[in-house]
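Q: Please take me through this entry, and set each term against its definition as it comes up.

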Amino acid sequence: MATQEGKDPGSVTTVRLNQNRPTPLRLIQFCLMFLVLGLGISIVSINMIRFFGVQNVGPVARSNIIFPCFEESDSIDKWIRPPSNLMHKMNDRELFWRASFVPRIKQYPIKRVPKIAFMFLTKGPLPLAPLWERFFKGHEGLYSIYVHPSPSYVADFTQSSVFYKRQIPSQVAQWGMMSMCDAERRLLANALLDISNERFVLLSESCIPLHNFSIIYRYITRSRYSFTGAFDDPGPYGRGRYNWNMQPEVTLEHWRKGSQWFEVNRRLAVSIIEDDIYYPKFRDFCRPGCYVDEHYFPTMLSIRFPQLLANRSLTWTDWSRGGAHPATFGKSDITNEFFERRFARQSCLYNNQPNNVCSLFARKFAPSALEPLLALSPKVLGF
Ligand SMILES: *[C@@H]1O[C@H](CO)[C@@H](O)[C@H](O)[C@H]1NC(C)=O
Ligand SMILES: *[C@@H]1O[C@H](CO)[C@@H](O)[C@H](O)[C@H]1NC(C)=O
């Protein structure tokens with residue numbers, strides 16, 4: 001056909017153009033080449049996802065990833081897939097804005113398996129990582145991990161680690177300062193970008209889990225309340241830290257104190273990162289000796305969502321020795337009795353019923369505790 005058209009006695013330009021036109025055979029070769037190339041790329045990317053991205057891709061998304069290259073642009077996948085690279089280029093303002101997107105239709109059009117976001121606020125390394133690796137093993141798709149280290153720290157986890165490439169863009173965070181709350185909000189905002197994350201737990205490098213994953217997952221996801229410590233302390237370290245300039249947004253009656261180590265659901269997480277009413281009050285009027293990380297979230301959440309709070313933290317800390325810092329446990333502390341004495345006979349309310357599992361995590365544990373913890377964990381921690 002092309003040659004016939006070429007012979008058309010029309011203009012010279014037509015002839016020239018038509019000479020360059022590919023023959024059907026060439027076209028087929030060309031298409032085949034693209035098909036092979038496309039297939040190759042999909043096979044490689046599927047394998048890459050299997051290899052590197054299993055943790056990122058929940059069970060829901062995984063089943064949809066047959067041909068990611070062809071589907072991506074116009075299917076629902078684009079809106080439900082978690083970010084593949086946590087080291088994004090957004091600044092905090094951009095990140096918080098993006099993270100505040102909330103669907104108005106509450107029913108998800110997909111089978112959404114709720115995940116728990118484990119958010120590690122650390123100075124640098126995670127010395128207890130091997131214990132956590134063991135804890136997470138076999139529960140892919142039910143959790144996601146985020147690490148906010150000091151900005152100068154370069155993580156060196158290997159590809160096989162659950163912490164590999166789970167670091168988020170971080171900034172300096174100082175104890176008792178607003179920069180600490182900023183780091184926590186940054187962790188929440190990054191974790192909110194994955195729509196499967198439903199519950200958000202803040203942890204540190206010195207925290208350990210006290211139960212196996214199944215128990216912790218059930219306990220948190222089936223709770224009607226979020227576990228944020230919040231109590232009204234009439235003393236100098238409670239109400240004594242209140243500043244009258246916070247009126248009328250925050251009154252003395254509103255003022256709460258609680259442990260920094262919170263657990264919140266998705267709704268509360270969004271309310272924390274979108275807050276521009278209470279944030280400036282705490283930033284400007286809760287300065288040392290008002291330790292803002294002990295007051296901001298407990299007070300703000302108690303004002304906005306009192307009926308959604310359990311008013312207690314899931315993270316056990318030993319303050320019995322007195323002083324400004326809690327006890328740290330090392331190698332010689334870790335025995336069977338240590339766990340039996342502290343955690344076997346607890347009692348608290350869980351969904352308004354008495355329960356003897358009250359703490360799911362504990363701190364503070366020194367790096368030297370790792371070895372005995374690994375030895376005892378199958379027996380005393382259940383994993
Ligand atoms: C978790 O611990 C509970 C109680 O200790 C046990 O019944 C359950 O089998 C454990 N689950 C796994 C996955 O090990
Ligand atoms: C937590 O405290 C608030 C008051 O700040 C209260 O309204 C709420 O009922 C408490 N939550 C539970 C589970 O008792």
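A: Contact means heavy atoms within 4.5 Å. By that rule, 79% of the contacts in the chain with a separation of 6 or more are between residues 24 or more positions apart. This is a predicted model, in which local features need pLDDT of at least 70 and side-chain atom pairs count only at pLDDT 80 or more, while totals for chains, interfaces and linings use all residues. Residues are numbered from 1 along each chain as its sequence is written, chains are lettered from A and ligands numbered from 1 in the order in which they are written, and side-chain values use heavy atoms, with hydrogens and water left out.

Q: What makes up the secondary structure of the chain?
A: The chain has 15 helices and nine strands. Both are DSSP runs numbered from the N terminus: helices are H or I with at least four residues, and strands are E with at least two.

Q: How many of the residues in the chain are buried, as a percentage?
A: Of the 383 residues, 48% are buried. Buried means under 20% relative accessible area, exposed means over 50%, and partly exposed lies in between (1.4 Å probe, protein chains only). The chain exposes about 20,600 Å², with 58% of it supplied by carbon and sulfur atoms. Accessible areas come from the Shrake-Rupley method with a 1.4 Å probe, and for residues only the protein chains shown count as cover.

Q: In what order do the four strands of the open sheet stand?
A: The order is 2-1-3-5, and the pairing is mixed. Two strands pair if DSSP finds at least two bridges between them. Strand 1 (residues 115-121) and strand 2 have six bridges, in the parallel sense. Within this pair, Phe 120 stands opposite Val 147 in strand 2.

Q: Why is one side of strand 2 and of strand 5 left without a neighbour in the sheet?
A: Strand 2 (143-148) and strand 5 (263-265) each have a single partner strand, so they stand at the edges. On average, neighbouring strands of this sheet are turned by 20° against each other, direction ignored.

Q: Which helix lies across strand 1, strand 2 and strand 3?
A: Helix 8 (residues 129-136) does, with strand 3 being 197-204. Helix 8 runs at about 180° to strand 1. Axes are lines fitted to C-alpha atoms, for helices over the stretch in contact, and angles run from 0 to 180 degrees between N-to-C directions.

Q: Why does Phe 339 count as buried?
A: Phe 339 has a relative accessibility of 6%, and therefore counts as buried. Phe 339 is found in helix 14 (residues 336-343). Leaving aside neighbours within four places in sequence, Phe 339 is in contact with Ile 208, Leu 210, Ile 334, Ala 344, Leu 373, Val 380 and Leu 381. Leu 210 is 129 residues from Phe 339 along the chain, with 8.8 Å between their C-alpha atoms.

Q: Why is Asn 311 called partly exposed?
A: Its relative accessible area is 39%, so Asn 311 is partly exposed. Asn 311 lies in the loop between helix 13 and strand 6 (315-317). Its phi is near 65°, a positive value in a residue other than glycine.

Q: Which residues are around ligand 2?
A: They are Tyr 225, Arg 256, Pro 306, Leu 309 and Asn 311. A residue is near a molecule or strand if one of its heavy atoms lies within 4 Å of it.

Q: What makes a pair of atoms a polar contact?
A: The two must be N or O atoms within 3.5 Å; within protein, one must be able to donate a hydrogen and the other to accept it, and residues adjacent in sequence count only if both atoms are side-chain atoms. An N or O atom in the side chain of Asn 311 is 2.3 Å from an oxygen atom of ligand 2. For the side chain of Arg 256, the distance from an N or O atom to an oxygen atom of ligand 2 is 3.4 Å. A backbone N or O atom of Leu 309 lies 2.8 Å from a nitrogen atom of ligand 2. Ligand 2 taken alone exposes 360 Å², of which the protein buries 56%.

Q: Which residues are around ligand 1?
A: Asn 212, Ser 214 and Ile 215 are. A polar side-chain atom of Asn 212 lies 2.3 Å from an oxygen atom of ligand 1. The protein buries 33% of the 360 Å² that ligand 1 exposes when taken alone.
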